[in-house]
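Visitor: I am new to this structure. Could you walk me through it and tell me what the terms rest on?

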Amino acid sequence: MRRPAARAMLPPMDRRIAIELAPAREIAIDGAVVARGLGLGVEAFRRLMDERRIALLCERGTGADAGLYRATFYFERRRARLIVDGDGHVHGPAEATDGE
């Protein structure tokens with residue numbers, strides 16, 4: 001039996017798909033906690049943030065994790081990951097790796 005071509009399974013190009021974007025939200029996290037996780041002093045951490053040399057990925061929890069956010073900070077080969085609530089309070093221990 002022949003399988004239908006993949007092209008036949010795609011929606012027509014003229015159909016639009018609605019994407020719902022969450023409103024932007026700012027969460028303040030204690031920089032000292034992040035600096036420690038990255039093995040940096042607070043002043044060095046702030047300077048590197050200002051210079052945009054530290055990258056940040058923030059993911060919103062769903063289901064049982066709704067209301068929590070996973071904030072991961074990257075500097076060179078180091079990573080500090082924190083679970084925080086909408087007020088910036090850290091939940092559980094910070095996870096830190098040095099990429100080695």
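Guide: Here is a tour in questions and answers.

Guide: This is a predicted model, where local features need pLDDT of at least 70, side-chain atom pairs count only at pLDDT 80 or more, and totals for chains, interfaces and linings use all residues. Residues are numbered from 1 along each chain as its sequence is written, and side-chain values use heavy atoms, with hydrogens and water left out.

Visitor: What makes a stretch of the protein chain count as a helix or a strand?

Guide: Helices (H or I, at least four residues) and strands (E, at least two) are DSSP runs, numbered from the N terminus. The protein chain has three helices and four strands, in the order α-α-α-β-β-β-β along the sequence.

Visitor: Why is helix 2 called largely enclosed?

Guide: A residue is buried under 20% relative accessible area, exposed over 50% and partly exposed in between (1.4 Å probe, protein chains only). In helix 2, residues 31–38, six of the eight residues are buried, so the helix is largely enclosed by the rest of the structure. The buried ones are Gly31, Val33, Val34, Ala35, Gly37 and Leu38. In the protein chain, buried residues make up 23% of the 100 residues.

Visitor: What do the buried residues of helix 2 pack against?

Guide: Their partners are helix 3 (42–50), strand 2 (68–75), strand 3 (78–85) and strand 4 (95–97). Contact here means heavy atoms within 4.5 Å.

Visitor: What is found at the ends of helix 2?

Guide: Asp30 caps the N-terminal end, with a side-chain oxygen 3.0 Å from the backbone nitrogen of Ala32. Just after the helix, Gly39 takes a positive phi of about 75°.

Visitor: Why is the pair of Phe45 and Phe73 called edge-to-face?

Guide: Rings of Phe, Tyr and Trp (its six-membered ring) pair if their centres lie within 6.5 Å; planes under 30 degrees apart count as stacked, over 60 as edge-to-face and the rest as tilted. By this rule the count comes to one aromatic pair. Phe45 and Phe73 are 6.3 Å apart, centre to centre, with 70° between the planes, and the pair is edge-to-face. Phe45 belongs to helix 3 and Phe73 to strand 2, so the pair ties together parts that are 28 residues apart in sequence. Both Phe45 and Phe73 are buried.

Visitor: What makes a group of residues a nonpolar core?

Guide: The term covers a set of buried Ala, Val, Leu, Ile, Met, Phe, Trp, Tyr and Cys residues joined through side-chain atoms within 4.5 Å. The largest such core has 15 residues, and those with the most contacts inside it are Leu38, Leu40, Phe45, Ile54 and Phe73. Helix 2, helix 3, strand 2 and strand 3 each give two or more residues to this core. In soluble globular proteins, nonpolar side chains tend to be buried together.

Visitor: How do you know that Thr72 is buried?

Guide: Thr72 has 0% relative accessibility, so it counts as buried. This residue lies in strand 2.

Visitor: What makes the meeting of Thr72 and Arg81 a polar contact?

Guide: A polar contact is a pair of N or O atoms within 3.5 Å; within protein, one must be able to donate a hydrogen and the other to accept it, and residues adjacent in sequence count only if both atoms are side-chain atoms. The side chains of Thr72 and Arg81 make such a contact at 3.0 Å.

Visitor: Why is Ala55 called partly exposed?

Guide: Ala55 has 41% relative accessibility, so it counts as partly exposed. Ala55 sits in strand 1, residues 55–60. Leaving out residues up to four places away in sequence, it touches Thr72, Phe73 and Tyr74. Ala55 and Tyr74 are 19 residues apart in sequence, and their C-alpha atoms are 5.0 Å apart in space.

Visitor: How do you know which strands pair?

Guide: Two strands pair if DSSP finds at least two bridges between them. Strand 1 and strand 2 are antiparallel, with six bridges. Eight bridges join strand 2 to strand 3, also antiparallel, and Phe73 has Ala80 as its bridge partner in strand 3. Three bridges join strand 3 to strand 4, which run antiparallel; there, Arg79 has Thr97 of strand 4 as its bridge partner.

Visitor: What lies between strand 2 and strand 3 in their hairpin?

Guide: The hairpin has two residues between the strands, and Glu76 takes a positive phi near 50°.
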